[in-house]
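This report describes a single protein chain, from its overall make-up to selected side-chain interactions. The sequence and structure are shown first.

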Amino acid sequence: MNIGDLSDKHTNGNERPSPKPEREIQNVSVVTPLPKLQLLILLYLQLAEPLTSTVVYPFVNQLVRETGVTGGDERKTGYYAGFIESSFYATEAICPILLSGLVGLIISVVGFGLSKNYWALVLSRCAEGALNGNIGVSKSMMTEITDVTNRARGFAYLPIVWSLGSTVGPVIGGVFSNPTTHWPDIFGTTGFWAEYPYFLPCITIAFVSFTAFLIALFCLKETLDKPTSRLRDPENGRIIYERLPASDPGPSLSTANQEIQRDIGLRSILIPRVLLPVLNYGLLAFTDQAVNVLIPLMYSSSIDHGGLGFDPFVIGLVQGLAGLVMGFTQVLTFPRLLQKFGPKKLYIASYTSYLLVYCAFPVLSSVTKTAGGVTTWTWLIILLQLAAYSMTCLTWGCIFMYISEAAPSPATLGLTNGLAQTTSSVMCVIAPSASSFLFSASLEHNLSGGNFIYWSLCAFTICGIIASSRLPSHLG
């Protein structure tokens, strides 16, 4: 029995169906213009999250070593750096309040830049995550300021903002750290900036959050008590879209709708067609987060300990370049490749690129250690690694479509997305600590010549490839 059949049994010819907070009519020919100012404000607010989460990557490993918590043993860096990185995601959803979250975010980011004790860093990072969990609020407000005719266009901008923040964040973190070294004529060689070499990137991100707070405070409109809005066909005046305010949902739901609501629960999505894409989404999140952590960790480690000896400046530029290439790859190639190969083949091919990324790490270590320093061959392998990593960005578009299509019905789409997002968030908490811990353990105990971490993640990626082979060949 479908929803239409159930509704017909409870509505006779003289009754009008119960109004809903949002009603859609097919074949809408009139598109509502996007509220550009409100949309830009929401996107700017959303920019704070990727900036805050990625700005520390280029320098966090060096900062951990400078706190003295490793006891001078560089091999132990991963034990402590991974915990800092995981703490952000572990606390991210605690405080989903837009304005107060921004104020707290500003304070916690500044506190991170001023911290010289390891546990102060952890506390500041936890506060950043807890006060940065406004992505759900932003998406809810995005829903409120759009309607059925323009919502897809509005939400399409969110991945662009994340890509921008993930590109700019590492660049700010790498280029602006240690300013007394890079710009001694401006910042001098002693004093405050020498005492707190990582304060400049943090205060830069805090300034972005501060401007976002001011803009939101004075320009962002409240959406909860939005009045009724209707969209009419200009030719015949017929209502083709109607939204009722959240505070006035109209008459009570019909008995049929109440029965449908009772049938929509977690059990309704615990089926293979939903669980398989969600599983792949979780594996993808873990695999990608491990790469994001290992690149700065391995690149910053000394050559004697299997790294490249890069400083935060170089690491920030490399990660920024990777983000830029991934953005262009996503925009320029994804639609054509999806149309040519289909979602399953494209996802498997793109996900397989993670194997090349992981395999490049031990090759980089071996080549650089043999040469006694970074050479042209080292940079060539880095470029090949970044090229392989740029191809992995195509996985996200594919898996998002799989998850959207996996929902058993339109009514369970939100529940399906919620399960997928929860799974991804859990993996983002586990991946930094697990991969960093295994990196340090591999070095400290000389497991597989210090390369056990890479072979373990290659095995994990192969498991992900096997899981992706079970995805349906076609959507719908």
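## Overall composition

Of the 476 residues of the chain, 47% count as buried; buried means under 20% relative accessible area, exposed over 50%, and partly exposed in between, with a 1.4 Å probe and protein chains only. The model is predicted, so local features need pLDDT of at least 70 and side-chain atom pairs count only at pLDDT 80 or more, while totals for chains, interfaces and linings use all residues. Residues are numbered from 1 along each chain as its sequence is written, and side-chain values use heavy atoms, with hydrogens and water left out.

The chain has 19 helices and three strands, taken as DSSP runs numbered from the N terminus (helices: H or I, at least four residues; strands: E, at least two). Among contacts with a separation of 6 or more, 80% are between residues 24 or more positions apart, a contact being heavy atoms within 4.5 Å. The accessible surface is about 22,500 Å², and carbon and sulfur atoms supply 64% of that area, by the Shrake-Rupley method with a 1.4 Å probe and, for residues, only the protein chains shown as cover.

## Confidence

The mean pLDDT of the chain is 81, with 79% of residues at 70 or more; pLDDT is the predictor's confidence in each residue, from 0 to 100. Confidence is lowest in helix α1 (residues 3-8), at a mean of 41, and highest in helix α19 (residues 452-468), at 97.

Residues 1-28 stay under 50 in pLDDT, and the model has 37 contacts for them beyond four places in sequence. Residues 224-261 are also below 50, with 79 contacts in the model beyond near neighbours in sequence. Where pLDDT is low, the predicted coordinates should not be read in detail.

## Buried polar side chains

Thr 287 lies in helix α14 (residues 272-300) and is buried, at 1% relative accessible area. Its side chain makes a polar contact of 2.9 Å with that of Tyr 351. A polar contact is a pair of N or O atoms within 3.5 Å; within protein, one must be able to donate a hydrogen and the other to accept it, and residues adjacent in sequence count only if both atoms are side-chain atoms. Leaving aside residues up to four places away in sequence, Thr 287 also touches Tyr 354, Tyr 358, Phe 460 and Thr 461.

Ser 86, in helix α4 (residues 77-90), is buried at 4% relative accessibility. A polar atom of its side chain lies 2.7 Å from the backbone oxygen of Val 429.

## Salt bridges

The count comes to three salt bridges, each a side-chain nitrogen of Lys or Arg within 4 Å of a carboxyl oxygen of Asp or Glu. Glu 128 pairs with Arg 125, their closest N and O atoms being 2.8 Å apart. These residues are about one helical turn apart, because they are three residues apart in helix α6. Glu 128 is buried at 2%, and Arg 125 is buried at 0%.

Lys 116 and Glu 195 meet at 4.0 Å, N to O. Lys 116 lies in the loop between α5 (98-114) and α6 (118-130) and Glu 195 in helix α11 (residues 192-195), so the pair ties together parts 79 residues apart in sequence. The remaining bridge joins Asp 73 and Arg 75 at 3.1 Å, N to O; Asp 73 is buried at 16% relative accessibility, whereas Arg 75 is partly exposed at 27%.
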